Amino acid sequence: MRFLPLLLASAVLTGCSSMKFWESDEVDELAPAELIDLEYDKVNIDKVWSRSLGAGQKGFSSNINPTLKDGILYGADPDGLVMAINAADGAVVWKQKLKRDISGGVGVGGGLVLAASLEGGVYAMDASSGELKWRVKI
């Protein structure tokens, strides 16, 4: 007798799952969309120019990223080499060799190119000539 309510409850629940009125004819809105084949045009890429920008990261986890501004690509390497390169043809516009290892940059704005050293120095170069304008330790 103790198990009679449990037995009846399980029979009722099992019976409910087989009843058709629980089912719906509606489309499941959360079902994944059917996959379709995509047609696309292939793009051919032609290498216009290539240039090395120095020593690479040299194992540092530094954040030295090139910056493009007004058709000139500005970049640096950890050894202190800062360069401006014409983005259209890869010609070197100017080079500046700083006497410090570079750890961050290159930022460009206000006619200046900025790079930071491992020792906490910030170096500002003229964007058109590469001439060192100022430096400060922070």
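Student: Is D79 buried, exposed or partly exposed here?
Tutor: In this predicted model, D79 counts as partly exposed because its relative accessibility is 28%, and that class lies between the cut-offs of under 20% for buried and over 50% for exposed.

Student: And where does D79 sit in the fold?
Tutor: D79 is found in the loop that lies between β3 and β4.

Student: How far is D79 from S103, C-alpha to C-alpha?
Tutor: The C-alpha atoms of D79 and S103 are separated by 9.2 Å, with the two residues 24 apart along the chain.

Student: Back to β3 and β4, then: what is the strand order of the sheet they belong to?
Tutor: That open sheet consists of four strands in the order β2-β3-β4-β5, and its pairing is antiparallel. The edge strands, each pairing on one side only, are β2, covering 67-69, and β5, covering 92-97, while the twist from one strand to the next averages 15°.

Student: How many bridges hold β2 and β3 together?
Tutor: Three bridges link β2 to β3, the latter comprising residues 72-76, and the two strands pair in the antiparallel sense; within that pairing, L68 has L73 in β3 as its bridge partner.

Student: What about β4 with β5, how many bridges there?
Tutor: β4, made of residues 81-86, is joined to β5 by five bridges, and these strands run antiparallel, with A84 standing opposite W94 in β5.

Student: Which residue in the turn of that hairpin has a positive phi?
Tutor: It is G90, whose phi is about 80°, in the turn of the hairpin formed by β4 and β5, which has five residues between its strands.

Student: Switching to the other sheet, what order do its five strands follow?
Tutor: The order is β1-β6-β7-β8-β9 in an open sheet with mixed pairing, and its edge strands, each pairing on one side only, are β1 at 63-64 and β9 at 132-137.

Student: Do β1 and β6 run parallel or antiparallel?
Tutor: β1 and β6, the latter being residues 102-109, run parallel and are joined by two bridges, and the bridge partner of I64 in β6 is G105.

Student: And at the β9 end, how many bridges pair it with β8?
Tutor: Five bridges pair β8, residues 121-126, with β9 in the antiparallel sense, and M125 has L132 in β9 as its bridge partner.

Student: What phi does G130 take in that hairpin?
Tutor: G130 takes a positive phi near 85° in the hairpin of β8 and β9, where five residues lie between the strands.

Technical notes:
Residues numbered from 1 in each chain as written. Predicted model: local features only at pLDDT ≥ 70, side-chain atom pairs only at ≥ 80, totals over all residues. Heavy atoms only, no water. Pairing = 2+ DSSP bridges. Axes fitted to C-alpha atoms, helices over the stretch in contact; angles between N-to-C directions. Buried < 20%, exposed > 50% of the residue type's maximum accessible area, 1.4 Å probe, protein only.
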